[in-house]
Amino acid sequence: MPHKPDTPNPPPADVDPAMLTIVHYPADVLRRKAANIDADPAAIAPIVAAGEKMIQLMRDAPGIGLAAPQVGLSWRLFVADVPADDERNLDTDSAIQTATDGPEIYINPVLSRPQGDREFMEEGCLSLPGVFGDVARPPTITMAYTDRNGDRITRKATGLLARCWQHEADHLDGVLILDRMTKPDRLRIRTKLEKLENAAIK
Ligand SMILES: [Zn+2]
């Protein structure tokens with residue numbers, strides 16, 4: 001863990017990407033609302049460096065998305081690498097993007113314009129090992145973000161990409177899949193959560 005939950009959020013220039021590791025529930029940082037970061041061209045290099053390390057951690061895990069609070073940084077930033085041929089994308093017949101174009105870094109992302117009736121899909125989380133449950137989300141979403149070059153971009157996604165964006169954006173508000181699961185799923189995973197809580201106390 002790169003910094004204690006009660007210490008102030010470190011500025012990007014003070015973060016050593018090599019020290020970043022994935023933190024697990026119930027780490028406090030996962031429940032905090034993350035802060036926007038200065039994505040000015042002059043300030044963006046250390047942010048991108050942390051993002052690159054997060055991409056590596058996400059791939060090693062392996063996962064398709066990872067948010068900064070999951071590596072102990074209370075920043076509004078997440079990364080994703082959603083393959084077009086993921087089986088969860090195969091039934092999507094849409095002109096809207098369902099996958100990333102390789103690994104992507106999203107800085108200060110803002111979601112808007114959810115479209116369509118909410119759909120259930122099973123989700124997991126790299127900060128909740130072994131925990132899976134159905135989560136309902138709108139199938140299509142728009143996101144504005146700053147990319148690794150410092151450009152502000154607005155894009156629309158559906159399928160697994162829209163699912164991933166919403167899951168990761170939740171992390172920036174301290175929201176976990178536990179909070180969005182159905183009651184039966186929450187009961188089913190209770191023992192797994194207790195195990196994670198006990199592992200943190202040890
Ligand atoms: Zn997650």
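1. With 202 residues, a compact globule would have a radius of gyration near 17 Å, and the protein chain agrees with this at 16 Å. The radius is taken over C-alpha atoms, and the globule rule is 2.2 Å times the number of residues to the power 0.38. Along the principal axes, the C-alpha atoms fill a box of roughly 45 × 45 × 25 Å.

2. The model is predicted: local features need pLDDT of at least 70, side-chain atom pairs count only at pLDDT 80 or more, and totals for chains, interfaces and linings use all residues. Residues are numbered from 1 along each chain as its sequence is written.

3. The protein chain holds 5 helices and 7 strands; these are DSSP runs numbered from the N terminus, helices (H or I) having at least four residues and strands (E) at least two. From the N terminus on, the order is α-β-β-β-β-β-β-β-α-α-α-α.

4. An open sheet is formed by 5 strands in the order E1-E2-E3-E6-E7, with antiparallel pairing; two strands pair if DSSP finds at least two bridges between them. Its edge strands, E1 (65-67) and E7 (152-158), each pair on one side only. From one strand to the next, the twist averages 40 degrees. Between the antiparallel strands E3 (residues 104-115) and E6 (residues 140-146) there are 5 bridges, and Gln-115 stands opposite Thr-140 in E6.

5. Helix H1 (residues 44-60) packs on the sheet, touching E1, E2 (77-80) and E3, and its direction makes about 45 degrees with that of E2. Helix H2 (residues 159-172) lies across E1, E2, E3, E6 and E7, at about 20 degrees to E1. Axes are lines fitted to C-alpha atoms, for helices over the stretch in contact, and angles run from 0 to 180 degrees between N-to-C directions.

6. The largest nonpolar core has 48 residues, and Met-54, Ala-68, Leu-77, Phe-78, Ile-107, Leu-161 and Trp-165 have the most contacts inside it. Such a core is a set of buried Ala, Val, Leu, Ile, Met, Phe, Trp, Tyr and Cys residues joined through C-beta atoms within 7 Å. H2 supplies the largest share of this core, 7 residues.

7. Buried residues make up 37% of the 202 residues in the protein chain; a residue is buried if 20 or more other C-beta atoms, placed from the backbone, lie within 10 Å of its own. Helix H5 (residues 190-201) is hardly covered, with a count of 0 buried residues among its 12.

Note on methods: Contact = placed C-beta atoms within 7 Å.
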